[in-house]
Amino acid sequence: MIRKIFLAIIVLAITGAGFAVYLWSLPHKKVENAKGIAITAEQLAKEYSSNVKAADARYLNKAIEVSGTIIEVDKNQDGGMMIVLKSEDMEKGIQCAMRDKGLGYAKGQNVVIKGFCSDYGITRVSLTDCVMK
């Protein structure tokens, strides 16, 4: 009886390990290959501030193309470029974690940024894996 239980545990462990390797080897989803939902930074911020659940249902983990004006350019803790796009409420905005680190961006520049909507934090909507369109 103990031998059968031990054998079942070994089979489950091997199956789990095989599934983990399969998931690990899947290609990484790239924003360039996904069709983006076009929206302005103003509209995206407004939708999230009025109804987070509805906005999450529409945008969360999806590629979106956000057009707007840069109000802040900074680096994150990993040395990556962080860009914030302007919205009506200056406390809010769209925070974009850029994939490329050394590109030159300037405040006041009008841009279209494509990235995956990752969450709505305390003050801002966050996009990850962003690229300039």
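The model is predicted, so local features need a pLDDT of at least 70 and side-chain atom pairs count only at pLDDT 80 or more, while totals for chains, interfaces and linings use all residues. Residues are numbered from 1 along each chain as its sequence is written, and side-chain values use heavy atoms, with hydrogens and water left out.

The chain has an average pLDDT of 86. This score is the predictor's confidence in each residue, from 0 to 100. At least 70 is reached by 97% of the residues. Confidence is lowest in α1, with a mean of 87. Confidence is highest in strand β1 (residues 37–40), at 93. Helices (H or I, at least four residues) and strands (E, at least two) are DSSP runs, numbered from the N terminus.

Helix α1 has 24 residues. From its first C-alpha to its last, α1 reaches 35 Å. That is close to the 34 Å expected at 1.5 Å a residue. The expected span is 1.5 Å times one less than the number of residues in the helix. Helix α1 is hardly covered, and the count of buried residues among its 24 residues is 0. Buried means under 20% relative accessible area, exposed over 50%, and partly exposed in between (1.4 Å probe, protein chains only). Ile14 is placed in helix α1 (residues 2–25). Ile14 counts as exposed because its relative accessibility is 59%. Ile14 and Val111 are 97 residues apart in sequence. In space, C-alpha to C-alpha, Ile14 and Val111 are 49 Å apart.

The largest nonpolar core has 23 residues. Such a core is a set of buried Ala, Val, Leu, Ile, Met, Phe, Trp, Tyr and Cys residues joined through side-chain atoms within 4.5 Å. The residues with the most contacts inside the largest core are Leu44, Val66, Ile83, Leu85, Ile94 and Cys96. At least two residues of this core come from each of α2, α3, β2 (63–75), β3 (81–85), β4 (94–98), β5 (110–120) and β6 (125–132). Helix α2 gives the most to this core, with 4 residues. Contact means heavy atoms within 4.5 Å. Not counting residues up to four places away in sequence, Ile94 touches Ala41, Leu44, Ala45, Val66, Ile83, Val84, Leu85, Val125 and Leu127. A second, separate core has 5 residues, including Val31, Ala34, Phe116 and Val131.

A search of the whole structure finds 3 aromatic pairs. Rings of Phe, Tyr and Trp (its six-membered ring) pair if their centres lie within 6.5 Å; planes under 30 degrees apart count as stacked, over 60 as edge-to-face and the rest as tilted. Tyr48 and Tyr59 form a tilted pair, with 6.5 Å centre to centre and 35° between the planes. Tyr48 lies in helix α2 (residues 41–50) and Tyr59 in helix α3 (residues 52–59), so the pair ties together parts that are 11 residues apart in sequence. Both Tyr48 and Tyr59 are buried. Ring pairs link Tyr48, Tyr59 and Tyr120 into a cluster.

Tyr59 has a relative accessible area of 0%. Leaving out residues up to four places away in sequence, Tyr59 touches Ile37, Ile39, Leu44, Glu47, Tyr48, Ile64 and Cys117. Tyr59 and Ile122 are 63 residues apart along the chain, and their C-alpha atoms are separated by 17 Å.

The whole-structure search finds 0 disulfides. A disulfide is a pair of cysteine sulfur atoms within 2.5 Å. For Cys96, the closest cysteine sulfur is in Cys130, 4.5 Å away and too far for a bond. Cys96 is buried, with a relative accessible area of 0%. Cys117 is in no disulfide, and the nearest cysteine sulfur, that of Cys130, is 9.7 Å away. Cys117 counts as buried, at 0% relative accessibility.

Asn61 is found in the loop between α3 and β2. Although not a glycine, Asn61 has a positive phi of about 65°. Asn61 counts as exposed, at 52% relative accessibility. Asp129 is placed in strand β6. Asp129 has a positive phi of about 55° and is not a glycine. Asp129 counts as buried, at 18% relative accessibility.

Glu65 is found in strand β2. Glu65 counts as buried, at 18% relative accessibility. Leaving aside neighbours within four places in sequence, Glu65 is in contact with Gly36, Ile37, Ala38, Ile39, Val112, Ile113, Lys114 and Lys133.
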